[in-house]
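Me: I am new to this structure and should like to be guided through it by question and answer. Please begin with any term that the first answer will need.

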Amino acid sequence: MRPGSRLLAAVGMYHLANDGSLTVLPLLLPVIRAFVPMTYTQIGILTATGLIATLLMQLAVCQFAHRFSAAKALTLGMAVLALFSVMMAFVTSYASLLVFVIGMRLGAAAYHPLGVALVAHRFSGERIDMAMGVQSSAGDIGVFMAFVTTGLLGALLGWQSAFVLWGAICLAAALTGLGLGIASEERPRVGLGSEPSWSWTFRRVAPLIVPLTIGGAGYNIIVNYAPLMFGDAYGLGIGEYTAIIAMWVGVGAVFTLVFGRISTRFGRGRAIVTSYLLIIAAGFLVWFLTPLWAAVVAMLMLGAGLFMTYPALFSYVTELTGGKRSEKAFGIVFTAQLTGGFILSYVCGVVSDIYGIKTPFLILGIIALAALCFASYYLARLRPRPSP
């Protein structure tokens with residue numbers, strides 16, 4: 001296997017395990033609520049707290065990334081994620097649930113800034129869209145697998161089995177990354193004095209903060225509230241709603257996998273604008289139409305729309321940082337996404353208690369409209385600048 005392919009395969013495995021394991025809890029919340037009573041507001045607090053834990057740990061990882069091996073940090077993160085995923089099977093109260101969620105989120109803090117930065121180091125030019133699309137689709141495939149396995153295992157062996165399975169997958173991903181020799185793929189460390197500052201990096205990626213924040217909010221709204229909506233508003237069981245939401249992820253995985261071709265043919269800017277139009281239409285479709293088919297169609301539209309924004313924005317970040325070490329750049333990227341995620345997750349929990357469980361999708365449509373206005377004005381015209 002060629003060096004670049006080996007790195008992409010290893011990073012893809014980390015992404016698959018990372019995102020898949022984090023998806024299991026939102027899918028099982030309707031089931032867990034049967035013996036750990038929670039309001040939508042408490043669910044919002046649970047989600048927001050976990051995202052804040054990831055955000056703080058992620059900033060620490062980015063600050064000291066130049067002092068340690070990214071491969072070792074990714075492996076350690078996977079091990080912590082595996083441990084707390086298994087511990088989730090022993091939840092007995094809201095307090096224990098909160099503690100285990102924080103543990104999982106701390107373990108998950110390493111992947112996004114370090115894994116995506118490794119891809120950005122290795123690939124450049126026209127290949128960056130392909131590489132970012134592949135690593136993004138690996139995470140989407142992990143989420144898809146989580147939907148399939150959680151529904152199946154929940155019906156056959158009980159809800160706890162899904163947490164144990166994904167803990168094992170995280171451990172296997174860590175061992176696979178070591179076996180593929182991902183450490184040998186890291187570029188030599190630059191001197192501490194040449195490390196880009198946070199201020200320089202922020203100025204580079206600042207134009208992308210708005211769409212990044214909205215993108216993170218959109219993903220967390222769907223992952224955390226779609227299972228509750230299909231369970232509470234439509235009365236579907238775990239096997240039924242996991243199958244529907246799995247289609248959302250499956251469509252997203254396909255579009256991210258071929259994003260390089262889409263970008264080459266139509267351009268990143270047009271792809272992002274189209275994505276936000278799809279998200280807006282889907283959000284309002286769920287809110288204004290009551291039949292189940294409308295919600296299913298909306299999930300398919302959200303798959304095509306939301307997931308395409310991620311590789312496009314990551315490619316812009318890579319180009320805007322001009323080949324500099326990009327852990328801090330992607331730290332800012334995912335800080336923006338996590339900030340949007342924890343704020344909107346809490347807000348959606350509160351408004352769901354007041355106005356109903358479909359309200360998060362109305363909020364999703366509104367914030368996508370704001371992103372569309374921004375993208376139409378600026379993002380489609382964005383051009384990378386040369387590094388000093």
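Reply: A residue is called buried when its relative accessible area is under 20%, exposed when that area is over 50%, and partly exposed in between. The model discussed here is a predicted one.

Me: Which residues of α15 are buried?

Reply: Helix α15 covers residues 359-377. With the cut-off of under 20% for a buried residue, the buried residues of α15 are Thr-359, Pro-360, Phe-361, Leu-362, Ile-363, Leu-364, Gly-365, Ile-367, Ala-368, Ala-371, Leu-372 and Ala-375.

Me: How far apart are the end C-alpha atoms of α15, and what span should its residues have?

Reply: Helix α15 has 19 residues, and at 1.5 Å a residue these should span 27 Å. That expectation agrees with the model, because the end C-alpha atoms are 28 Å apart.

Me: How many helices and how many strands does the chain have, and what share of its residues count as buried?

Reply: The chain has 15 helices and zero strands. It consists of 388 residues, and the share that count as buried is 59%.

Me: Which element gives the most residues to the largest nonpolar core?

Reply: The largest nonpolar core has 121 residues, and those touching the most other members are Phe-230, Trp-248, Met-299 and Phe-330. The element that gives the most to this core, with 15 residues, is α13.

Me: Where does Trp-248 lie, and which residues does it contact beyond its neighbours in sequence?

Reply: Trp-248 is one of the buried residues of α10, a list that also includes Ile-244, Ile-245 and Val-249. Leaving aside neighbours within four places in sequence, Trp-248 is in contact with Phe-147, Tyr-219, Ile-222, Val-223, Met-299, Leu-302, Gly-303, Leu-306 and Phe-307.

Me: How many salt bridges does the structure hold, and which residues form a salt bridge?

Reply: The structure holds one salt bridge. Its closest N and O atoms are 3.2 Å apart, and the residues that form it are Arg-33 and Asp-232.

Me: Why does this pair tie together separate parts of the chain?

Reply: Arg-33 lies in the loop between α1 and α2, whereas Asp-232 lies in helix α9. Arg-33 is partly exposed at 24% relative accessibility, and Asp-232 is partly exposed at 40%. The pair therefore ties together parts whose separation in sequence is 199 residues.

Me: Is Phe-288 buried or exposed?

Reply: Phe-288 is found in helix α12. Its relative accessibility is 56%, and the threshold is over 50%, so Phe-288 counts as exposed.

Me: Which residues does Met-145 touch?

Reply: Met-145 is found in helix α6 and is partly exposed, with a relative accessible area of 30%. Met-145 and Leu-16 are 129 residues apart in sequence, yet their C-alpha atoms are 8.8 Å apart. Not counting residues up to four places away in sequence, Met-145 touches Leu-16 and Trp-166.

Me: Is Thr-335 buried or exposed, and which residues are in contact with it?

Reply: Thr-335 lies in helix α14. Its relative accessible area is 16%, so Thr-335 is buried. Leaving aside neighbours within four places in sequence, the residues in contact with Thr-335 are Leu-55, Gln-58 and Leu-59.

Definitions and conventions:
Residues numbered from 1 in each chain as written. Predicted model: local features only at pLDDT ≥ 70, side-chain atom pairs only at ≥ 80, totals over all residues. Heavy atoms only, no water. Helix = DSSP H or I, 4+ residues; strand = E, 2+ residues; numbered from the N terminus. Buried < 20%, exposed > 50% of the residue type's maximum accessible area, 1.4 Å probe, protein only. Contact = heavy atoms within 4.5 Å. Core = buried A, V, L, I, M, F, W, Y, C linked by side-chain atoms within 4.5 Å. Salt bridge = Lys/Arg side-chain N within 4 Å of Asp/Glu carboxyl O. Expected span 1.5 Å × (residues − 1).
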